[in-house]
Amino acid sequence: MIDLRSDTVTRPTAAMLDAMFRAPVGDDVYEEDPTVRELEHEAARRFGLEAGLFCPSGTMTNQIAIKAHTEPLSEVVCEQTSHIYLWEVGGIAFHSGASVALLPGDRGRLTAAQVAGAIRSENIHYPTTSLISLENTHNRGGGSCYSWEALTDIAELAKRQGIPLHLDGARIFNALVATGQQSQEYGRLFDTISVCLSKGLGTPVGSVLLGPAAFIKKCKRIRKVMGGGWRQAGYLAAAGLYALEHHVARLADDHRRARQLAEALQAAPYVDFVLPAETNLVIFRLRDGLSEDQFLQHLAANDIKASAFGPQMVRFVTHLDVDDAAIAQVLKALQSVQAA
Ligand SMILES: *Cc1c(COP(=O)(O)O)cnc(C)c1O
């Protein structure tokens, strides 16, 4: 089976498993797991931030950050298809009792002018704007990347207004590899960053939340009340450390393979449009006459899995477990699609 549904489906490599087996561990609730500490420290260092908090999922790192940044009667500014709003079970309302100001992005990306327009003025009828949250790469936007200029414009606005800026960096390494931006510089723009290790980096479990030391200390209490205090998590942290070392540069291969798929789809008579494939996500629309179900059934008959992404919409994701031979097999299956 070739699984293009998500970059979360990867299995640890033999070398990653070996690093996990050999990890020194301890009880992380007692702050005695050296491998967790090393991962938190190393991830924070890479992004020019002070401290890190290792968590089971990116949903948890995002929601902890939002909870720690906001309070009830306040509001989070984000894009209308952002993961924190669309795919985290309404967690902003549930955990934080905060409102959301939703903005329509260009493939998920906001501009400083849009964000400025959403910041609430002082008025008893309004919630107060407590957080601005961006997503890079943007999932629903087809793995789109922010330009450095757009990010700095928004960061300068946030600083001027005294509003914290959070980054949902589930796929931040894809953005760094695709654009050549430097991770170190991100810490100057963002107050907090959530980084997923279980997407393109290919670990079985885990995300890290990065930020100032005092803020991360507050976040640790929130992780605890969510039931996220864990024990010998060093076995999982070891996979993260291994991935930071060995699985970042290779993301360029995933991007090259995604472009190959995008080009073939672009040329296919049954495809209406393909979003620009900047990184490892390829989102496309099928022409009327071929439903996403029919298309996915054809792929399944060729041992390929992919995700429906709305009416007529499909998403392909390239990752560690999709090699050139797999891409060749997908390209072959795309040629034999019969549109009605
Ligand atoms: C996957 C993802 C997350 C976190 O997902 P988990 O499955 O909870 O780890 C957050 N943001 C974006 C943009 C994602 O794609």
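Modeller: A quick note on wording before we start: domain bounds here come from an automatic or database domain assignment. This is a predicted model, where local features need pLDDT of at least 70 and side-chain atom pairs count only at pLDDT 80 or more, while totals for chains, interfaces and linings use all residues. Residues are numbered from 1 along each chain as its sequence is written, and side-chain values use heavy atoms, with hydrogens and water left out.

Biologist: What separation is there between the centres of domain 1 and domain 2?

Modeller: The assignment gives domain 1 as 10-246 and domain 2 as 250-339. Contact means heavy atoms within 4.5 Å, and 24 residues of domain 1 touch 16 residues of domain 2 that way. Taken over C-alpha atoms, their centres are separated by 28 Å.

Biologist: How is α8 oriented relative to α12?

Modeller: Helices (H or I, at least four residues) and strands (E, at least two) are DSSP runs, numbered from the N terminus. Axes are lines fitted to C-alpha atoms, for helices over the stretch in contact, and angles run from 0 to 180 degrees between N-to-C directions. Helix α8 (residues 172-179) packs against helix α12 (residues 251-267) at about 80°, with axes 9 Å apart. Angles under 35 degrees count as roughly parallel, over 145 as roughly antiparallel, 65 to 115 as roughly perpendicular and the rest as oblique, so α8 and α12 are roughly perpendicular.

Biologist: Which residues of α12 make the contact with α8?

Modeller: On the α8 side you'll find Phe-173, Asn-174, Val-177 and Ala-178. Their partners on α12 are Leu-251, Ala-252 and His-255.

Biologist: Is Cys-196 buried or exposed?

Modeller: Buried means under 20% relative accessible area, exposed over 50%, partly exposed in between (1.4 Å probe, protein chains only). Cys-196 has a relative accessible area of 5%, so the call is buried.
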